[in-house]
Every structure is written in structure tokens, then in C-alpha cells.
Amino acid sequence: MADTYTQLYIHIVFAVKGRQHLIPKQHKEALHQYITRIITNKKQTLIRINSMPDHIHILIGMKPDIALSDLVRDIKANSSKFINKKGWVAGKFEWQTGFGAFSYSRSQLDVVVNYINNQEAHHSHLTFREEYLAFLKRFDVPYNPKYVFDPDDNSET
């Protein structure tokens with residue numbers, strides 16, 4: 001085959017360490033723009049990004065020339081440095097270890113974009129923990145509840 005042709009859509013979800021509410025509303029847009037640049041510099045396509053104070057959703061069109069775990073590592077490491085350099089939070093900002101990634105077909109993109117766009121309304125009645133566990137169940141991802149969140153994360157919100 002002369003070239004590689006793919007169509008990969010991935011919904012990435014990860015949380016602030018300890019699920020603390022450390023993504024300030026007034027800085028969301030700057031954070032989203034910074035993460036967009038990371039994704040674009042890695043030659044991937046950002047479709048939609050939105051965050052809540054304690055977690056973030058990123059929908060990308062992904063090429064198979066980079067490992068998903070490497071891309072997420074770069075997003076998390078560089079955006080943490082960015083937030084810390086800006087001094088948006090007291091102390092050190094960190095993302096939680098690990099992430100969720102869920103694949104979708106092209107026909108599902110509008111639904112996923114709408115879901116990501118409506119995070120504020122969605123979380124008026126559902127915690128991030130409940131949302132994340134629902135994703136794992138919906139996609140039939142085997143997991144041990146003991147290890148889904150960092151061990152130092154005892155919060156229930």
C-alpha cells in the first residue's frame with residue numbers, strides 16, 4: 001500500500017489531581033488554546049475541548065503516527081507547566097495519573113461534540129466520578145474501582 005489512510009476519533013478525559021477544582025473559569029479559554037497548540041504541533045486535529053474546574057474533555061481526530069499515551073503525556077505535562085508558570089493556583093498544579101480514551105465513529109461526532117459543549121449543564125446533576133464510571137461501563141472497559149482514581153483522592157464530588 002502506497003500510503004496510510006485512517007479515520008480515528010478519540011474522546012480523552014482526565015482529571016485534576018485529587019479532583020480538586022483548580023481550573024479557574026476565567027482561565028479556561030487560555031488553557032484550551034494552549035492545549036490546542038500542543039495537539040496541533042503534534043499534527044493531530046482538535047475537534048472540541050471543554051473543561052470543568054476538576055477535569056477536561058478533549059475530542060481529537062488522530063493520525064496513527066503518534067501513540068495516544070504519548071500525546072496525552074505531552075498534553076498533561078506541558079499544560080501543567082503552563083498553569084504553574086502562570087501562577088493560576090496556589091501551590092503546584094498537577095493532573096491525575098492516567099486518563100480515559102474512548103473511540104467513536106464519524107457518525108457519532110455531533111453527539112460527542114454536543115456532550116462536551118454541555119458539560120456545565122451535565123454536571124449540575126452528575127459528579128465527575130459518576131460520569132467517568134459511566135463511560136467505563138458504557139464502553140465495557142474492565143476496571144477495578146479501587147484503582148480508577150488516585151489513591152490519595154478520597155473526595156466524592
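Which strands does helix 1 lie across? In this predicted model, local features require pLDDT of at least 70 and side-chain atom pairs count only at pLDDT 80 or more, whereas totals for chains, interfaces and linings use all residues. Residues are numbered from 1 along each chain as its sequence is written, and side-chain values use heavy atoms, with hydrogens and water left out.

Helix 1 lies across strand 2 and strand 3 (55-62), at about 150 degrees to strand 2. Contact denotes heavy atoms within 4.5 Å; angles run from 0 to 180 degrees between N-to-C directions, with axes fitted to C-alpha atoms, for helices over the stretch in contact. Helices (H or I, at least four residues) and strands (E, at least two) are DSSP runs numbered from the N terminus. Helix 3 (residues 109-117) lies across strand 1, strand 2, strand 3 and strand 4, running at about 30 degrees to strand 2.

The 4 strands form an open sheet of order 2-3-1-4 with antiparallel pairing, where pairing requires at least two DSSP bridges between two strands. Strand 2 (45-52) and strand 4 (100-104) each have a single partner strand, so one side of each lacks a neighbour in the sheet. The twist averages 15 degrees from one strand to the next. Strand 1 (residues 8-15) pairs with strand 4 over 5 bridges.

S79, in helix 2 (residues 68-86), is buried because its relative accessibility is 0% (buried: under 20% relative accessible area; exposed: over 50%; partly exposed: in between; 1.4 Å probe, protein chains only). Beyond its neighbours within four places in sequence, S79 contacts residues including L31, Y34 and W95.
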